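Reader: Hi! I'd like to go through this structure with you, piece by piece. Could you start with how burial is judged?

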Amino acid sequence: MGFKESVPSLTNPVHPILSTELYPRDMTTPIPSPTRIPFLGNAASLDRDMPYQSMNLLAKEYGEIYQLTIISRKILVVSSQRLVNEVSDESRFRKMVAGGLANVRLVAGDGLFTAHVPGDENWYIAHRLLMPAFSPTATQGMYGDMMDIISQLVLKWERYGPEYAIDPVADFTRLTLDALMLCSMNYRLNSFYREETHPFITSLGDFLFQCMTRANTPAIVNALKLKTQAQFEEDQRVLNSLVDEVLDERKAHPIDKNDLLNLMLNGVDKETGKKLPEQTIKYNLLTFFIAGHETTSGMLTFAIYHLLKNPEAMRKLREEIETQIGDRVVSVKDVNKLPYLIAVMRETLRLTPSIPQRGTSAIEDTTVADGKFAVPKGMNIIVNISAAHRDPLVWGNDADVFRPERMLDGKFEALPSNAWQPFGNGMRACIGRAFAWQEVQLALITLLQKFDFVLDDPSYDLHVKQALSIKPASLRIHAIPRAGQGRLLAVPSSTLLRGAMTPKDHAQVGAAEGTAQQSLYVLYGSNTGSAEAFAQRIASVAASHGFRASIGTLDSATAHVPADGPVVIITASYEGKPTDNAAHFVEWICSLKDNEMSKVVYAVFGCGNRDWVQTYQRIPKLCDDILAAHGAERIVPRGEGDASSGNFFESFDTWEAQLWGTLDKKYETKMLDTSIAGLDIKTVDPGTARAEILRQPDASLGTVIKNELLTAPGAPVKRHIEFELPEHMTYRAGDYLGILPINPARDVRRVLARFGLSAEQEVVVASNGPTSLPTNKAVNLFTLFSGYVELSQPATKRDLVVMTDATTTEASKKSLREYTATYSERVFGRRLSILDILEDHLDIKLSLGTFLSMLPSMRIRQYSISSSPLWNPQHATLTISVIESPALSGRTEPFLGVASTYLAGLRPGDKVQLAVRASNVDFHPPSDPTIPLVMFCAGSGLAPMHGFLQERAMQKEAGREVASSLLFFGCRSPTDDFLYADSDLKMWAELGVVDVRPAFSKSSQHSGGCKHVQDRVWHDRTDVKEAYQAGCKFYVCGAGKVAAGVKEVLIAIIKEINPQADDAHAVEIFYDITSDRYATDIFE
C-alpha cells in the first residue's frame, strides 16, 4: 500500500525543476536545465570554488546532457562517452576558449593553450616548431635533468623524516615546475632550496582561481571588488616577471642546446618562413609554466592518493618495481616497460583527470545524440571529461572504483573512441604528453623505491580544490624511508581525535632508568579510536613491566614487522575490511609466501561487533592465522572484544592480564613501581579564565542549520538534524557522518561534585605514555570531562580492583568484592559506571589522575547520512534516535545516550566536530536510476533510505527515467513515529519514486496485520519477487534483529519458490542470488 494522496511538486532550492523556455522552437527534444534565477541565470547552481563538482552532480541529476545559463552566457554540458565522442569530431566541433580559459589569455595570449584557432596564425607556427621538442627521442634526452630534480625531492623527504606531515601537492608542484624549467629552458628555479613557496607558484594559484571564479561572476561585481582586482593584476605582474627573467637570462647568456627556449627564439617555420614574435614567445613560455607543471603535479598527487587508498594496487606496483628494477636507479630504458605502473597512471587520469573539463563549440548548426538535441553554431559546450570517465555504460557498475586492472591485457586498447580523454582532443591535445608521462613514471618509481607512505589522516577521503585544474585539498602524507630498520609511526585514527596526539616517529615509551630495556611493539588498526586507545594503554603501562614500548599503526609496519621484541596487535574490522590505517599491512601479509615471520613473537586482540555476523572479527582472525601460518610465535590466544555485548572493556582487561603474565614470564621482567606509568595532574589556575578549546580548529567544524522533532509526544524521540558541512567536505548518499560528541553536562557536573572541583578550574595533564588527553597545556576540567573521556561505560573488573585498593573502609571493600563476584549481574547488567560506584562509596580515595586513566577515551559515533548531495552538496542531514531511558543501575535519573543527547541538544548555529566517512562500497544507490530498490528498515534505520529516495526524487524531477522502489519500514504507529510520512515520503510516493509498506508494531491493524518489517515482507512477497525479477538491489538498515528477520523471511520466500530445498540449500540460494545485490548497514 503506497501513498495515494495528491502532493505538490517536489522542489529543490539549489537545483529547481525543469525549465524548457531556453530551447530553440524547432528542437524536437528539449534539453534539461535547472530553472534560472533572474539576472544570474544558473550561476547559483554552481559552487563558486568547485564548479566541476557541481556539474558532476547536475549530470547525475539531469543525465548526459543539460543546459546552463550563466548571466547571459548559455552553456551546454555533455557528460557521457557517446556525446563526448560525438563532440570530439573535429570536422564538426572545435576548441572554444571561453569562461575561465578566456581570462587566462590575459597572460597567455595566443600561446598554444589559449589561442583562437583558426584565427591566431602564431598558434600554427608555434605548434610546428615545438612538436619536435616533445618527441619521444627529445623527451628521453631530458632524463638526466628530470632525475636531478627528483633527487632533490627525495633528499628533502629523507631530511625531514617520517614524522613530518608532507603536503604532496606543494612538493610535487615544486618538482614539476623545476623539472620543466630545467629540462626545457635550462633554468634552475631551486624550489627545494627555499622553505617558502616560490612567489610564482603562489601568484599562479591565485591567478588561476580568479580566472575561474570571475568567469561565473557578473563583470560589474568583479569591478567592484577593488582589492581582489588589485591582487589579480599583481599576480599577472609576478607571472610575467618570471617570463622576462628567463628570457633575459637566455639572451644575456646564450647556450648551444636545442631546448624549447632556443627553438622558440631561433626556430624558423618551414611552411611560412616566419619566426615567432617575442610577445608570442613570452605567451608560450608562460603557457608551459602553467600547463607544463600544473597538471603533472596533480596527476602525481592523485596517483599517490589512490595507491594509499587501494593497498592491493600499491602492493602490485611495488612488486612490479622490485621485480623489474629492484634497488638500481631507474633508467630511461625502463620508461613504458612497467605495465602495471602504466595501468595505475591511466586509471588515475580516468578517475581524477587533472583537467576535468574542456570547451568546444559547433562549427555550424548541428544536432547531437542521433539528431535528438539541436546545438547552434558557436554555442559554448563544456565537455565534462570527469563525468564521462565514469560512464557506467563503458566502465561498468564499478566505475567509481580505482581498479588499474581495467587498463591491462588489451582492455585499454579496446575501449570505445574517446572513452579516455585526459589529455584533450585532436590537434589541440596536450603537446607535452610524452614529457609528463616520462616524468611521472620516473618520479613514482623512485619514490616507491625510497619510501613507504602512510596517510597523516587515515580516514581521509578525497577532497578536491579547483583552479582550472584540480588537485587534492588538505592531503598530508608521511614518507618512511625504506633503507635500514623499519620505523613505526603513530598517527591518530581520525582527525576528530587529533587534539592532543601528534604523529610520532617510532613513538617510544621508555622504561625507568636502570630497568630492563626489552623492546615491545604495539601496533593498532583503528577507525573510531577504540583499538587505538587499547594500544595506548598497553604502551603506557609497558614501562611498569620493564619493557620499552614503541607504538604505531599497522600500516607503518608493512613489510618490516619487528623481530627484536614481542609485537602486540590491536585491530578492528570495518564491515569485514581492514581499518584505514591497517589496509596496507593486511594486503601485505596476505601476499606472504614462505616463513617470513619465523622470528616474530606476537599477540592479537580484535575489536568487533557481533551484529555483523558474517564479518565479525574477520581482520583480527586473519592477522592471527596468517602470522602463525608463516612461522610467527603466538604467545597468547587471540582476544575478542564485542562492542555489541557491553563487556567490551572487560574482555580487553582479561586478555591484557593474560598478556602481561605471559610476557613477564617469557622475558623474565619484573613488575615495577606503577608510578612509572599513568597520568600526572597539576592545577595551574583556580578557575578564573576559560581554557582554549583544544579539540579541533574551527575550519573543520560543521554548523547546525536545523534540529527538528519528528515524533509525537510520549513516543521514543527521533530527530531530524541538518548540518552545513565544512569547506571541501563532500559525501555520497549512504555515507556516514562521524560525530565526536560531548558528555551530558549533568554527568560532568556529577564528576566535579564527587571530586570537589570547580568547572572553571584549569589543570595540566602530563603523561609518560601515549594518550588521547590534551597534554602539557592548560585545559579546564569541564572541557576535559566533557569531550575527552567516556563517563557512562560500565566499570570493568580491573576498575573494581583499583577502587577496592583505594577504599578506606571494610564495608566498601566487601561491597566491591561482591560486585566483582557477581560482575555480570550487578555491574555489567546494570551498567554501573565508575562514577556511579564512586558516588555510592564516598570513602574510595582515587586521585584525579587515576580516575582519568581508568576512563576510556571518547569514541567517535557514526550515523548514516539521510540526505543526498543532489539536494544540497554543502549540507547533510541525520535522522537519529535519542536514547533516554530508566537507568538499569536503579538511579532515579534516567540513562542518557552520550551522542544522541548531545545531538538532541544542538541548536541552529552550533558548531559540531564531524567528518564524512565512506560507507561500504555496496551501500550506495546504483548509478543507473532505472534499477529499482527494495529497502528494509525500522526506526532511525530509515536514514540512508531517505537519502536514496531523495536522490531518486531529484533525478525524477530533473526529467530522468527513475524506477519505482519498495520501502518496508517498521515503527510503532502511524501517529507516533511514522517518520516523514506527511512530508517527504508522501511527496515521493506521489511522484512515483517509492511505494511505502509500513509495519506498525503497536497498531498492526493499520498495516495489514503486520507488526514487524519481516511480517510485511512476507505479506507482500509477490511484490518482492517481481522487484527481484526486475533486477532490483536490496538494502537493509537497522538493528541486528531487523537484519536477521529480513534475511529469515527472504530465505522463507526462497523455500516457497523451491519447496524441494532444505534450510541449508535455501541459505546457499539466498547468498547466490543476492550476491552484489544485497547490502546491509547494521547498528547497535
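Author: Happy to. A residue is called buried when its relative accessible area is under 20%, and exposed when that value is over 50%. One thing to keep in mind is that this is a predicted model.

Reader: Thanks! Is Val464 buried or exposed, then?

Author: Val464 has 4% relative accessibility, so it counts as buried. It sits in strand 9, which covers residues 464–466.

Reader: Nice. Which residues does Val464 touch?

Author: Leaving out residues up to four places away in sequence, Val464 touches Met50, Tyr52, Gln53, Phe302, Ile470, Lys471, Pro472, Ala473 and His728. Take Gln53: it is 411 residues from Val464 in sequence, yet their C-alpha atoms are 8.9 Å apart.

Reader: Do strands 2 and 7 run parallel or antiparallel?

Author: Parallel: strand 2 (residues 73–78) and strand 7 (residues 380–384) are joined by four bridges. Val77, for instance, has Ile382 in strand 7 as its bridge partner.

Reader: Switching to helices. How many residues of helix 8 are buried?

Author: Twelve of its 17 are buried, so helix 8 is largely enclosed by the rest of the structure. Among them are Phe200, Ile201, Leu204, Phe207 and Arg214. Helix 8 (residues 199–215) reaches 24 Å from first to last C-alpha, close to the 24 Å expected.

Reader: Last one: at what angle do helix 18 and helix 21 cross?

Author: Roughly 35 degrees, with the axes of helix 18 (residues 530–542) and helix 21 (residues 648–666) coming within 12 Å. The crossing is right-handed. Residues making the contact include Phe534, Arg537 and Ile538 of helix 18, and Phe652, Asp653 and Trp660 of helix 21.

Reader: What kinds of residues make up that contact of helix 18 with helix 21?

Author: Ten are nonpolar, one is polar and three are charged.

Technical notes:
Residues numbered from 1 in each chain as written. Predicted model: local features only at pLDDT ≥ 70, side-chain atom pairs only at ≥ 80, totals over all residues. Heavy atoms only, no water. Pairing = 2+ DSSP bridges. Helix = DSSP H or I, 4+ residues; strand = E, 2+ residues; numbered from the N terminus. Axes fitted to C-alpha atoms, helices over the stretch in contact; angles between N-to-C directions. Left-handed = near helix turned anticlockwise from the far one by under 90°. Contact = heavy atoms within 4.5 Å. Nonpolar A, V, L, I, M, F, W, Y, C, P; charged D, E, K, R; others polar. Expected span 1.5 Å × (residues − 1). Buried < 20%, exposed > 50% of the residue type's maximum accessible area, 1.4 Å probe, protein only.
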